[in-house]
Amino acid sequence: YLWDWSPDGARIATRDTVGQLRVFAVASRTWDSVGTGVFPRWLPDGRHLIAQDRGRMTLVDTVARTSRQLYVEPDRGRAIFSIALAPDARRVYFTSAVTEADIWLMRFEENAGR
């Protein structure tokens, strides 16, 4: 799944198949679970991640294993995708899309097309 290298290149942030954020330490080859979410992006301090978690953008402290909400989509039918940080980490870019769809029903007539 999508991953991001830490600024020092010593760790990789990713998520597992059940939505847990995980950090892989390259030197020790160990995994650490740090919270929930997807699309993790490291902040320059190498301690914090920004991640998407069910229509919310969260700031995750990988040392304390805590998170706080930064943004919530006001429309429950929308979801956040693809988070990216500006080089100075003062701005964040993300995409938001509607995740609901219309249901279309069609009835076939026996004599249609004759």
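Some ground rules come first. Residues are numbered from 1 along each chain as its sequence is written. Since the model is predicted, local features need pLDDT of at least 70, and side-chain atom pairs count only at pLDDT 80 or more, while totals for chains, interfaces and linings use all residues; side-chain values use heavy atoms, with hydrogens and water left out.

**Confidence**

**Salt bridges**

Side chains of opposite charge can pair when their charged atoms come close. A salt bridge means a side-chain nitrogen of Lys or Arg within 4 Å of a carboxyl oxygen of Asp or Glu. How many salt bridges does the structure hold? There are 3, and here they are:

| Arg partner | Asp partner | N to O distance |
|---|---|---|
| Arg65 | Asp32 | 2.5 Å |
| Arg47 | Asp61 | 2.8 Å |
| Arg56 | Asp53 | 3.5 Å |

Let's take the Arg65 and Asp32 pair. Arg65 sits in the loop between strand 7 (56-61) and strand 8 (66-72), and Asp32 sits in strand 4, so this pair ties together parts that are 33 residues apart in sequence. Next comes the bridge between Asp61 and Arg47. That pair also links distant parts of the chain, with Asp61 in strand 7 and Arg47 in the loop between strand 5 (38-42) and strand 6, 14 residues apart.

Are these side chains buried or exposed? Buried means under 20% relative accessible area, exposed means over 50%, and partly exposed is in between (1.4 Å probe, protein chains only). Arg65, at 48%, counts as partly exposed, and so does Asp32 at 27%. In the other pair, Asp61 is buried because its relative accessible area is 11%, while Arg47 is partly exposed at 33%.

**A closer look at Asp53**

Asp53 belongs to strand 6 (residues 48-53). Asp53 counts as buried because its relative accessibility is 9%, whereas its salt-bridge partner Arg56 is partly exposed at 26%. What else does Asp53 meet? Its side chain joins that of Thr36 in a polar contact of 2.9 Å. A polar contact is a pair of N or O atoms within 3.5 Å; within protein, one must be able to donate a hydrogen and the other to accept it, and residues adjacent in sequence count only if both atoms are side-chain atoms. If you leave aside neighbours within four places in sequence, Asp53 is in contact (heavy atoms within 4.5 Å) with Thr36, Gly37 and Thr58.

Trp3, Trp5 and Val26 make a nonpolar surface patch of about 310 Å². Patch residues have over 30% relative accessible area and no salt bridge; like charges are joined within 9 Å, and nonpolar side chains (Val, Leu, Ile, Met, Phe, Trp, Tyr) within 5 Å. Val26 lies in the loop between strand 3 (20-25) and strand 4 (30-36), and at 34% relative accessibility it counts as partly exposed.

Terms used: Areas by Shrake-Rupley, 256 points an atom, 1.4 Å probe, with all protein chains shown as cover. Helix = DSSP H or I, 4+ residues; strand = E, 2+ residues; numbered from the N terminus.
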